[in-house]
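Please keep the sequence and the structure in view while reading.

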Amino acid sequence: MATLSSSAHSLAECLRMTRTIALNCMLDTVLGGLAASLAGWACGYPAPMSGGAWPGGVQVLGMAGLGVAGWPFRIFQQHWRFAGRSDFWRLGGACALAGGLVLGAVALLGAPAPAFGMVYAMAAFVLLAGVRGAYQYWRQGLRGPGGQQRVIVLGDGEDASRFLALVPHMGRRVAGLVLEGRQRRPGRRPGGLPVLGQVGDLRAILSALGADEDWMVVVADPHCRGRRLATVLRMAHESGTPVRCMPDLSALTGTARAPLHPVRLADLLPRQPVAPDEQGLASMLRGRRVLVTGAGGSIGAELVRQIARHGPAELILLDMGEFPLWQVDIDLEATAPALRRHLVLADIRDSARIERVFARYRPELVFHAAALKQVPMVEANPCEGLLTNVTGTRIVADAASRHGVRAMVLISTDKAVNPASVMGVSKRIAEMYCQALDARARRVGGPDAMRCVTVRFGNVMGSTGSVIPLFQHQLERGGPLTVTDPRMRRYFMTVSEAVGLVLQASACGTGAQEDELAAALLRRGGVFVLDMGTPVRIMELARQMIVLAGLRPGHDVQIRFTGLRPGEKLAEDLFHSQEILQPTGCPGLRMATPRTVDLAQVVNIMDALTVACRQGDSARALELAGQLVPEFVHNPHGMVTQVPAGQADVERNAS
């Protein structure tokens with residue numbers, strides 16, 4: 001049924017295109033005949049079909065000439081309402097060729113008329129271009145939605161041209177440009193549009209335009225992100241002017257309309273997103289059996305979605321939560337129905353169950369995203385956090401090694417650096433165990449030994465337990481928004497980009513993508529660190545979310561400070577001060593070389609830690625954790641500690 005429906009749709013599309021081309025061909029050739037009549041009249045030649053020197057009349061010659069000349073330049077396939085500068089160049093070429101053909105035909109008929117061909121070509125171009133321009137004007141003036149709302153475009157002439165090409169129905173509503181950089185003085189007309197001023201003058205520009213009409217600011221500059229965009233949003237919001245952004249051009253296909261979208265929180269992040277190398281990911285994932293633990297979580301679910309796009313042979317989804325696992329399966333049913341997948345309900349702390357899972361499904365790649373991540377929750381239940389994040393990671397890694405897995409990827413966190421919480425120290429111990437396994441495999445295990453790749457990054461927007469869903473929930477209730485401390489700052493990245501870079505790091509760490517520097521650092525216990533940009537002040541994030549909701553911070557919605565929670569720090573680090581952060585051959589990825597510990601030493605302490613946790617002896621468990629991670633300075637009461645070195649300059653600049 002799906003095949004028949006697809007074929008019927010393709011046939012209908014083919015018929016529609018054929019009808020459009022036929023109609024364009026008929027209209028253009030008729031215009032060609034009219035142009036020939038005008039040229040004949042202008043040159044004083046006999047009227048058509050009057051028995052003069054040209055049998056059949058000049059209209060037939062004009063129609064035939066344009067009908068032949070139009071095909072090489074594909075003018076009949078043009079969509080009139082989307083016609084742009086390149087289309088009018090092609091019209092000029094077709095008309096010039098048609099003029100030459102008609103002139104040659106006239107000469108063969110024995111009536112030399114050198115001026116006729118030139119006049120005919122000019123008349124044909126004026127008629128064809130004029131009709132197209134008039135049609136666009138009619139479409140924009142009579143069929144454009146949105147009433148009398150006027151538009152200010154933020155961007156240069158090239159940005160404005162792209163905006164008008166993608167959103168042609170707004171062409172007549174553009175009042176002018178607001179520019180940054182060179183050639184930004186008022187009076188210039190890049191792209192034929194007047195310059196109203198600089199971005200810094202936007203508040204005054206909006207005030208001068210007055211309230212007689214509705215105004216909208218369209219951000220057409222693709223580089224206007226982060227603080228620049230936040231500044232534009234704040235100035236426009238003060239005058240009650242909405243701000244819209246251009247869509248992602250890579251997501252547009254064919255003649256699809258380009259809907260403008262409101263400013264999103266991801267647009268305000270102070271960093272440019274990095275796209276992964278799709279070819280390298282495909283070579284790592286295509287045809288493989290892939291296991292994702294924690295597949296129902298925010299990171300795990302996005303891992304599943306992106307892995308499914310690269311054609312794995314099988315996908316094993318493991319989680320201990322029934323409902324989130326079902327949600328991921330429903331999503332895959334819609335996006336990758338042909339993919340063979342298995343849903344596994346299991347606890348990673350149950351070694352016997354994990355052993356059976358590996359024995360049955362024989363995965364080749366393992367992405368370990370299962371973890372307890374909510375800092376205050378793990379502080380209140382330290383033994384459970386250590387059992388899941390430390391013992392569970394060890395159980396999965398050992399089972400993977402025994403069953404011939406090619407590589408295991410550990411999802412880590414910036415909270416593992418200089419940890420102040422139980423969650424942070426548990427993830428650092430998990431890192432150390434995977435480091436020790438990988439170092440041994442690269443040293444004595446041979447090319448077939450399992451690789452352990454660790455990827456460390458900060459907060460992802462919208463993840464379970466993060467501050468953004470909390471702020472959204474508080475906004476829905478009318479506030480206030482609760483911020484622990486005005487100096488609190490965190491690294492942020494969108495979940496899709498973070499997972500894309502995790503897969504990129506996996507390809508780099510497993511050899512699917514060659515990187516000699518990364519390979520050398522991995523032999524020394526290196527871990528991948530995502531380039532998270534600059535940290536974001538949580539108080540500023542709260543303000544931006546209030547503005548995006550169309551409200552005023554401090555007036556419509558209040559911001560209340562509650563103090564640090566147990567285990568929290570004012571700022572997180574992506575690497576230890578003694579680690580040397582090295583670049584890699586992959587954009588968006590760096591490598592740190594944290595302290596490594598001998599595998600036997602890690603195993604001995606982890607054995608004792610597991611026993612202490614199963615006995616509920618949290619004091620002994622934390623003591624053992626401190627032996628493995630001497631930089632662990634526990635902050636169980638949420639006391640404010642000094643901002644780490646290196647953050648002071650950032651703090652001053654942000655202020």
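In what order do the nine strands of the open sheet with mixed pairing stand? The order is β9-β8-β7-β10-β11-β12-β17-β21-β20. It should be noted at the outset that the model is a predicted one.

## The chain as a whole

The chain has 655 residues, of which 50% count as buried. Its secondary structure comes to 21 helices and 21 strands. Among contacts with a separation of 6 or more, 76% are made by residues 24 or more positions apart.

Is β12 mostly covered or mostly uncovered? It is mostly covered, since seven of its seven residues are buried. In a regular strand, the side chains alternate between the two faces of the sheet. In β12, Arg451, Val453, Val455 and Phe457 lie on one side, Cys452, Thr454 and Arg456 lie on the other, and all of these residues are buried.

The chain reaches β12 from β11 by way of helix α14 (residues 422-445), and this β-α-β crossover is right-handed. Strand β11 (residues 407-413) pairs with β12 in the parallel sense over seven bridges, and Leu410 stands opposite Thr454 in β12. β12 also pairs in the parallel sense with strand β17 (residues 527-530), over two bridges; here Val455 stands opposite Phe528 in β17.

| Strand pair | Sense | Bridges |
|---|---|---|
| β11 and β12 | parallel | seven bridges |
| β12 and β17 | parallel | two bridges |
| β5 and β6 | antiparallel | two bridges |

## The sheet of six strands

Another open sheet is formed by six strands in the order β3-β2-β1-β4-β5-β6, and its pairing is mixed. Its edge strands are β3 (195-198) and β6 (261-262), each of which pairs on one side only. Strand β5 (residues 243-245) pairs with β6 in the antiparallel sense, and Cys245 stands opposite His261 in β6.

Helices also meet this sheet. Helix α7 (residues 226-238) packs on it and touches β1, β4 and β5, with a direction that makes about 150 degrees with that of β5. Helix α6 (residues 202-209) lies across β1 (150-154), β2 (174-179), β3 and β4 (215-219), running at about 140 degrees to β3.

In soluble globular proteins, nonpolar side chains tend to be buried together. The largest nonpolar core of this model has 53 residues, and Phe358 and Ile429 touch the most other members. The elements that give two or more residues to this core include β8 (314-319), α11 (351-361), α13 (382-402), β11, α14 and α19 (599-614). Which element gives the largest share of this core? It is α14, with 10 residues.

Leaving aside residues up to four places away in sequence, Ile429 touches Val390, Met606, Leu609, Ala625, Leu628 and Val629. Another core, of 52 residues, lies apart from the largest one; among its members are Leu281, Ala301, Leu365 and Val502.

Helix α9 (residues 298-308) is mostly covered, with 10 of its 11 residues buried. Among the buried residues of α9 are Ser298, Gly300, Ala301, Glu302 and Gln306.

In helix α15 (residues 467-476), the buried residues are Val467, Ile468, Phe471, Gln474 and Leu475. These residues cover an arc of only 125 degrees around the axis, and therefore lie on the same side of α15. The buried residues of α15 pack against β13 (459-461), β14 (481-483), β16 (492-494) and α18 (538-548). Just after α15, Gly478 takes a positive phi of about 90 degrees.

Notes: Residues are numbered from 1 along each chain as its sequence is written. This is a predicted model: local features need pLDDT of at least 70, side-chain atom pairs count only at pLDDT 80 or more; totals for chains, interfaces and linings use all residues. Side-chain values use heavy atoms; hydrogens and water are left out. Buried means under 20% relative accessible area, exposed over 50%, partly exposed in between (1.4 Å probe, protein chains only). Helices (H or I, at least four residues) and strands (E, at least two) are DSSP runs, numbered from the N terminus. Two strands pair if DSSP finds at least two bridges between them. A crossover is right-handed if, with the strands pointing away from the viewer, the path from the first strand over the helix to the second runs clockwise. Contact means heavy atoms within 4.5 Å. Axes are lines fitted to C-alpha atoms, for helices over the stretch in contact, and angles run from 0 to 180 degrees between N-to-C directions. A nonpolar core is a set of buried Ala, Val, Leu, Ile, Met, Phe, Trp, Tyr and Cys residues joined through side-chain atoms within 4.5 Å. The arc is that of the directions from the helix axis to the C-beta atoms.
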